[in-house]
Structure formats: structure tokens, C-alpha cells
Amino acid sequence: MILLLLTTVLALAAAYFYRFWSVREKRQVELRKIVERKRAERAESVKFAKQSAEKLDVETRNKIASLEYSELKEGLQSGTISCIDAVRTYYFKAIQANEKTNSVCMFVKEAEQWAMEWDEKAKDPEFKKPPMFGLPMSLKECVPLQGYDQTRGFVQDTFHPTETDAVLVQQLKKLGAIPYVQTNVPQSLLSYNCSNPVFGTTNHPMDKSRTSGGSSGGESALISADGSILGIGGDVGGSIRIPCAYTGTTGIKPSHLRFSHRGVCGSVPGRPLINSNDGPMSTRVETNVDFLRTVWADTWITEQDPYVPPVTWNEEAYKSDKKLKIGYYTDDGWFTPTPVCQRAVMEAKQILEDAGHTLIPFRPPRVPEVLIMFLRAVCVDAGKFLSNKLMNDIIDPLLYTQVVLWMVPVRVQRFLASFIRVFFPRLGNLMNAMTLSTVELRNTYADIEAYRSEMAALMIDQKIDALLCPVTVTPALPHVAPSKLFAGTSYTGIFNLLDYAAGSVNVTHVTKQDELDLESDYEASDPWYALAKNSSRGTIGFPIGVQVATPPYREETCLRIMREIEFGVTGK
Ligand SMILES: CCCCCCCCCCCCCCCCCC(=O)NCCO
């Protein structure tokens, strides 16, 4: 009798798994066909961009290609450069950068048409050129662009072009900018590498085995390989700042209410407290400043989206020569950065002191707890939304570790945590991050609000204007490392949790001495530290950035400090 029961149970289980497996296999075959079609569409779009670029003579192209942002802008305004020549030059530059980095999802074919229309309008002597007239801009793939997919790396979301531009894209088009290319992202957007089953893996321009960061890794790769002069990224946990730090570019994540979120599909919809925001990325802080100064020149965004407070660009704050008080830290007490990331902060500190600012040691309280709050609130439903989506998709192998973690039931995670804590305490602690109930989630939201209040009080009491700290714990990682090392996002995630403005600017490059210090001073005391140490080997010459953060609505002060650091480093 028992034997019969056991055999029946086993047979039913086998039948269930067989059915599950065959349904999944059938779906995988369908999905692979969709990928083939999408890749063919991308190849077509590259071909189109190539043909368009070839219509421009090499001499003109080389001339435009060598211009700095301000020179290109000036040339377009004065009429010495036409919009169509600018677009064709940037098609060409992006094709070249893409060959090296695989950073492009799609070229925007309409860019040609838009450029020609602007050139036509400019023939009228009465025509007043808008401030971004003819400027080619790259967009992270998830930024809603009419007629184009926002797949976020999911095969199931291909061939569903969006019907309406994001408010920001509408504004860019109105201001004369020309979106000419969409750039790659990691599947789900919740990772700081850059790989998905639709468009493949984006590489660091200096080394194909390393990531350009994520999730705005297509942007950072394209910009640092000189395929774009200005791009839009997005950031909910470091996705603008980490790619910038990895590639020597610069970008800022504004506090989230300074841009509209109408119609924007983030990584996890329905996430109330940790919000993603768009932000500019480029090679120069002043390019980002010029962009934000232009889009915040008036209250146009608020007119399209009444939820955005009517806060305009504050030139006085950006240009101010008032000396600031800046809190700095090289170690947040959760994840000690590798020596080079700490050196970068100390060098930036020196630059700011030389400029007359006062730097004081300041470490945000209880960062290990903050990281748990961040992970819980950023995933919201313990990863359910994402794991459901991923189970109906081809899962990118570079995301496996994270996906496995999302798929382990939370009660099992909690149970295992007590054992794991014995030999790997940091992981054991984080295994309490995913929420078990709405009661826990509500408590976490209350804790986040209390933490925001506590930080406000600390900064006000000590009269601290801004914070300076590492962006992350290592130089650019091998592709496979970020999904294992999500614990390294404590330096960026905290400013999403606080909803501060936060930017990243390059300070230095890894030297031989940094590698020696890594070997002698950096203890591989647990598997995460070991991974950070191993992955940092062989990075001599890689760029290292620092992070500057300011309370919400003080983006101008954040940019001012970033600019002063940049000036101190480059002398220009
Ligand atoms: C062991 C405990 C289980 C925890 C599961 C952890 C899964 C971690 C997933 C969250 C990782 C967050 C990384 C954030 C990277 C940056 C993402 C970003 O800013 N995206 C922009 C979206 O617009």
C-alpha cells in the first residue's frame, strides 16, 4: 500500500516536472526565434546608420567628430554645422564604438529625418533656434521613446514599441536635441553589469572581459568609447554612478522629483520609496551642467506633470563661491573598498581643501542596516515580480546568482541565514533582506522615513552641505562579478534611499602601487572580500571615480563640487 502511494506520488511529481519542463522548453524555442528577429532588426538599423553616415564626406565628419560639446553646440547654433551632418557624424562614431563594446541596441532611424527638418526650419531667417538645436543624444534603452521598444533586457518585451515619448524625451525633442541611438542595459535593470539575452553583453572599452557597469552600461561604454557626447541614464541603486566610475565618465542622479516619471516603466513597478531617476552622463561635468541648466530653465516639466515640483535651475548655487562644509568617508563600515577607491576619496578631499572648503570625517549611521532596508524596498515583493518575469524569459547567465537568490523562498532564506551567519556573517545578515510580509515591508518604509529624518538632522546640526565618498568598492569588475557582489552597492544605494542628488566624477587611475597595496593591505576575510580582491587584480590604468552627494533639490551644489574636483584633477 505504502509502495503504491509512493510510486503514485513520484509518478505525479515526474509528470508535473515533465509538463513544466516541456512547456518551458517550448517557450524557450519561441523566445529564441524572437531574439533572432530582434537581432536581425538591430543589424538592419546598424546598416541604415552606416549608409547614412557614408553620405557625409570624411573631412567634414572628422572636423565635427573632433569637437568638444560646447564647440559642437556653438557650431550648430551659428549654422557652421548642420543638424544632419552632426547626426551622421555621431551615427559613424557610435558604429565604431559599438564594434568595440556592443553598447548599441538600436539606431534611431528617424534621427535623420528630424535633423533634416530642423535644418529646413533654420533656413528661415526669422527662426529662433532652440538651445539644444541639432545635438545628437544617446538614450538608455529603458527611456520611453515613441516607436521603440523598452525591453529592459526581457525577450518578452521586444516588439512592443512604446506609443508615447517620456516627458523628458518630449522636452528634448522640443529643445532641438536629436535622440539617435538606444543603449544597452542588464536584464531587469537591477544589476550593475550590462548583459541581456536580447542584445548580448556590453564590454568595457579597455577590456572585453570586464563590464562597463550597469545598468546604464551601454551609455558609459558608448560615451567612453567616444560614440556619444551626451546621454541619458537611469539610476535606482547606482546605475548612473557605477558605470561612470568604471569608465572614467561623469554623471549625476538627481533627486527623483526633479524629473517626471509619467509612463516610465522602471525595473519594478509600484515601488513607492526607492525611485529611479534619469540623469545625464558625459565625459565632462560642464556638459551635464549645461544639459540640466537647459531642461530646468523653466517649469515646462511641471506643466506636463503636475507631480514634479516647479523647481528650476539655481545658477546662483552652482556659481556660488561660498566655502562649503563637506563630510567625507572612505569606508562605510559595511564593505571596505579596495585601496585605490579609498585613495581616490583622499585625493578629492585634498583638492577640495585646496579650494578652501572644510572637510570633516562623517560616516552615515548604521550602513549595514541601511543596505537591508534598501534591498528590501528596492525589490518590494522579495523579487516576485522579477522572478515571474524571468521564468517566462531566457535568463541571462550573468544574472544567475541574483535570480537564484530571488527564487529561494523567503522562509528558506531566513532559515538558512542562521547557519550561513556562522561562517559568512555578512551574507547571513543580508539573507534577512527580502520581505516576508506586508507588515515587515511597512516597518521598513517607516524605518526609511526615520533614517531620512535622522540624516537631515545630522547634516543640519553639523552644517554639512555635501558628502564625499567612494562610488563603489572596486575598479571595473569582470562581467560575472556584479550579480554576486550586489553587497557592494551600499555606497550608491544609500543615496537612492535618502533620495539625495548624487554624482560620480573621475579622480584617478589604478597604479602599480595600488595593486601592491591591494595585495598587502586588503584582507580577503570573507567570500565577498575575496571576490573584490581577485576581481581587482589586473586593473592597472582603469579609471576610478568618487561620489558627491547632496540633499534633495541641491543638484547644483553637487555639480559645483564635482566640477571643482574635475578641475583639480584635469586642470581644465
Ligand atoms: C541573500 C539575500 C537575498 C537577496 C537577494 C538580492 C538580490 C539583489 C538584487 C538587488 C541588487 C540591487 C543592485 C542595484 C544595482 C543598480 C541598479 C540600478 O540602479 N538600476 C537602475 C534602474 O533604472
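This is a predicted model: local features need pLDDT of at least 70, side-chain atom pairs count only at pLDDT 80 or more; totals for chains, interfaces and linings use all residues.

Ser-215 sits in the loop between β7 (207–211) and α7 (217–224). Residues are numbered from 1 along each chain as its sequence is written, and side-chain values use heavy atoms, with hydrogens and water left out. Helices (H or I, at least four residues) and strands (E, at least two) are DSSP runs, numbered from the N terminus.

Now to the helix after that loop. Of the 8 residues of α7, 7 are buried, so the helix is largely enclosed by the rest of the structure. Buried here means under 20% relative accessible area, exposed means over 50%, and partly exposed is in between, with a 1.4 Å probe and protein chains only. The buried residues of α7 are Gly-217, Gly-218, Glu-219, Ser-220, Ala-221, Leu-222 and Ile-223. After α7 comes Asp-226, with a positive phi near 70°.

Two further residues have positive phi without being glycine. Asn-102 has phi near 50° and lies in the loop between α4 (83–101) and β1. Its relative accessible area is 19%, and Asn-102 is buried. Ser-188 has phi near 90° and is placed in the loop between β3 (178–183) and β4 (195–196). Ser-188 is buried too, at 1% relative accessibility.

Next, the sheet. What is its strand order? The sheet is open, has 11 strands with mixed pairing, and runs β1-β3-β2-β8-β10-β9-β14-β15-β13-β11-β12. Strands β1 (104–107) and β12 (358–361) are at the edges with a single partner strand each, so one side of each has no neighbour in the sheet. On average, neighbouring strands are turned by 30° against each other, direction ignored. For pairing, two strands count if DSSP finds at least two bridges between them. For angles, axes are lines fitted to C-alpha atoms, for helices over the stretch in contact, and the values run from 0 to 180 degrees between N-to-C directions.

Let me take β14 (residues 501–509) in more detail. Of its 9 residues, 8 are buried. On one pairing, β14 runs antiparallel to β9 (residues 250–253), with 3 bridges; there Ile-252 has Gly-503 as its bridge partner. On another, β14 runs antiparallel to β15 (residues 543–550), with 8 bridges, and His-509 is opposite Pro-543. A parallel example is β11 (residues 325–328) with β13 (residues 466–470), joined by 3 bridges. In that pair, Gly-327 faces Leu-467.

Which strands does helix α9 lie across? Helix α9 (residues 285–295) lies across β2 (136–140), β8 (231–235), β9, β10 (277–282) and β14, at about 135° to β10. Helix α19 (residues 490–497) also packs on the sheet, touching β8, β9, β13, β14 and β15, and its direction makes about 25° with that of β15. Contact means heavy atoms within 4.5 Å.

Last, the cavities. On a 1 Å grid over the protein atoms alone, a cavity is a set of points where a 1.4 Å probe fits but cannot get out, and lining residues have an atom within 4 Å of a point. Grid points are joined across faces, edges and corners, and a volume is the space filled by probe spheres set on the points.

How many cavities of 30 Å³ or more are there? The count is 4. The largest cavity holds about 410 Å³. Its lining has 26 residues, and Leu-190, Leu-375, Cys-379, Gln-402 and Phe-486 are nearest its centre. The elements giving two or more residues to that lining are α13 (367–379), α15 (400–407) and α17 (425–430), and α13 gives the most, with 4 residues. By class, this lining has 18 nonpolar, 8 polar and no charged residues. Ala, Val, Leu, Ile, Met, Phe, Trp, Tyr, Cys and Pro count as nonpolar, Asp, Glu, Lys and Arg as charged, and the others, Gly among them, as polar.

The second largest cavity holds about 70 Å³. Residues lining it include Arg-258, Trp-296, Asp-298 and Trp-300. Its lining divides into 8 nonpolar, 2 polar and 2 charged residues.

How values were computed
On a 1 Å grid over the protein atoms alone, a cavity is a set of points where a 1.4 Å probe fits but cannot get out, and a pocket is an open set with protein on both sides within 12 Å along at least five of seven lines; lining residues have an atom within 4 Å of a point.
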